[in-house]
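The points are grouped by topic.

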Amino acid sequence: MKLILYSVSDGPPSLAVQQALAYLCLDYDLVNVDFGAGDHMTEEFEKKNPQKEIPVLDDDGFLLGESNAILQYLAEKYGRDETLYPSDPKTRAVINHRLCFNLSTYYRYISEYSMAPIFFDYQRTPLALKKVKIALDNFNTYLKRLGTKYAAGDNVTIADFQLITATMCLEAINFDIKSWPLVDEWYRKYKLENPKLWKIVEQGMKEIAEFEKNPPDLSHMDHPIHPVRRK
């Protein structure tokens with residue numbers, strides 16, 4: 001059976017997985033989950049993912065949530081070679097570190113600053129901005145110390161897919177990253193050298209940029225975690 005990806009069109013974790021599927025030249029059905037309509041909060045979607053989070057991969061009945069786990073699974077099962085997720089313990093450890101760093105710090109802080117205020121009742125505070133700068137400082141240092149072309153080596157890996165989609169959230173709100181030269185160089189180089197993959201990310205970025213100008217009305221949503229902006 002064909003792979004199925006339940007995805008959000010402007011969701012960075014979803015776009016990371018879409019890049020992996022494109023890189024691996026995998027045929028799959030893309031099912032758009034309407035976040036604004038609360039499709040992910042339904043009992044039907046909960047059967048696919050009890051966390052009610054997106055994306056979710058369905059591989060012939062094998063359901064898997066968490067974008068990091070999905071990326072690792074796709075690279076291990078469908079990888080044409082070891083480029084995306086090498087088996088060498090040290091190389092893989094660096095990739096795993098970048099995935100953890102993105103989850104715990106980089107995308108977390110960037111999302112809290114850029115995405116959360118667009119969709120929910122949050123503000124862009126000085127503390128939130130400070131956290132973004134800390135995340136960028138960290139990433140710039142990692143790139144400097146490793147000295148490689150990409151985030152975890154001289155080839156694109158699954159770590160780049162996550163970090164790229166996190167960084168594009170900053171571009172979507174016109175946040176200048178030039179003060180972090182190695183991050184800026186990595187980001188620009190990725191776009192130039194991986195145009196097909198970047199096209200996937202860019203489509204989501206344009207949606208976020210439009211929502212930045214015109215925040216969506218989610219006042220109908222009863223979200224269990226985020227404070228909904230009431231109009």
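This is a predicted model: local features need pLDDT of at least 70, side-chain atom pairs count only at pLDDT 80 or more; totals for chains, interfaces and linings use all residues.

The buried residues of helix α1 are Pro12, Pro13, Ser14, Leu15, Ala16, Val17, Gln18, Gln19, Ala20 and Leu21. That makes ten of the twelve residues in α1, so the helix is mostly covered, buried meaning under 20% relative accessible area.

**Helix α1**
- Helix α1 spans residues 12-23, and its first and last C-alpha atoms lie 16 Å apart, close to the 16 Å expected at 1.5 Å a residue.
- Cys25 follows α1 and has a positive phi, near 55°.

**Strand β3 and its partners**
- Strand β3, residues 56-59, is covered on both faces.
- One side of β3 carries Val56 and Asp58, the other Leu57 and Asp59, and all four are buried.
- Strand β1, residues 3-7, pairs with β3 in the antiparallel sense through three bridges.
- Leu5 has Leu57 in β3 as its bridge partner.
- Strand β4, residues 62-65, also pairs with β3 in the antiparallel sense, here over four bridges.
- Gly65 in β4 stands opposite Val56.

**The β3-β4 turn**
- β3 and β4 form a hairpin, with two residues between the strands.
- Asp60, in the turn, has a positive phi of about 55°.

**Annotated region**
- An unreviewed UniProt entry annotates residues 1-82 as "domain: GST N-terminal".
- Over residues 1-82 the chain is 37% helix and 22% strand.
- The end C-alpha atoms of residues 1-82 are 24 Å apart.

Conventions: Residues are numbered from 1 along each chain as its sequence is written. Side-chain values use heavy atoms; hydrogens and water are left out. UniProt positions are given in the numbering used here, feature names are shortened, and annotations may be inferred rather than shown by experiment. Buried means under 20% relative accessible area, exposed over 50%, partly exposed in between (1.4 Å probe, protein chains only). Two strands pair if DSSP finds at least two bridges between them. The expected span of a helix is 1.5 Å times one less than its number of residues.
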